[in-house]
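Reader: I have a model open and want to learn how to read its features. Can you take me through them in order?

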Amino acid sequence: MYRCHERAGYIPVREQDASKAAGFRNAKHAAVIPVATGMALTLTMCALREQRPSCRKVIFLRIDQKSCVKSVLTAGFELVVVDNVKDRDADEV
């Protein structure tokens, strides 16, 4: 498994090394699951739904990827997209 990654220039990292690099010094058991943006957002929103079951909407500042839209809908939320508004007095959005 690691040989193809080594040929591609990737350095294999063990789960214990990754968890320590992320700051989990006292973790005894963990599962490292590689996911992309959409699945990571979906899993996060599903966990948040468990903590706050009354929440129904997700407010996004902007949508650049279809995976963001799909993740919100997959998690069972309503998507509310808001536009950037530039402050007239400042050079900021």
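Author: What follows goes from the overall layout to the helices and then the core. This is a predicted model, where local features need pLDDT of at least 70, side-chain atom pairs count only at pLDDT 80 or more, and totals for chains, interfaces and linings use all residues. Residues are numbered from 1 along each chain as its sequence is written, and side-chain values use heavy atoms, with hydrogens and water left out.

Reader: How many helices and strands does the protein chain have?

Author: Elements are DSSP runs, numbered from the N terminus: helices are H or I with at least four residues, strands are E with at least two. The protein chain has four helices and two strands. Their order from the N terminus is α-α-α-β-α-β.

Reader: What share of the residues in the protein chain is buried?

Author: Buried means under 20% relative accessible area, exposed over 50%, and partly exposed in between (1.4 Å probe, protein chains only). Here buried residues make up 12% of the 93 residues.

Reader: How do I read contacts by their separation in sequence?

Author: A contact is a pair with heavy atoms within 4.5 Å. Take the contacts between residues at least 6 apart in sequence: 29% of them join residues at least 24 apart.

Reader: Which residues of helix 3 are buried?

Author: Gly38, Thr42 and Met45. They cover an arc of only 70 degrees around the axis, which puts them on the same side of helix 3. The arc is taken over the directions from the helix axis to the C-beta atoms. Strand 1 and helix 4 are among what covers these buried residues. On the face turned away, Glu50 and Gln51 are exposed.

Reader: What is the span of helix 3?

Author: The expected span is 1.5 Å times one less than the number of residues. Helix 3 has 15 residues and reaches 21 Å from its first C-alpha to its last, close to the 21 Å expected.

Reader: Why does Thr42 count as buried?

Author: Its relative accessibility is 10%, so Thr42 counts as buried. A polar contact is a pair of N or O atoms within 3.5 Å; within protein, one must be able to donate a hydrogen and the other to accept it, and residues adjacent in sequence count only if both atoms are side-chain atoms. The side chain of Thr42 reaches the backbone oxygen of Gly38 at 2.8 Å. Leaving aside neighbours within four places in sequence, Thr42 is in contact with Ser71, Thr74 and Ala75.

Reader: Which residues of helix 4 are buried, and which are exposed?

Author: Helix 4 spans residues 66-74, and Cys68, Ser71 and Val72 are its buried residues. They fall within an arc of 95 degrees seen down the axis, so they line one face of the helix. Lys66, Lys70, Leu73 and Thr74 are exposed on the other side. The cover over the buried residues includes helix 3 (37-51), strand 1 (57-60) and strand 2 (78-81). After helix 4 comes Gly76, with a positive phi near 90 degrees.

Reader: Which residues make up the largest nonpolar core?

Author: A nonpolar core is a set of buried Ala, Val, Leu, Ile, Met, Phe, Trp, Tyr and Cys residues joined through side-chain atoms within 4.5 Å. The largest has seven residues: Met45, Val58, Phe60, Cys68, Val72, Ala75 and Phe77.
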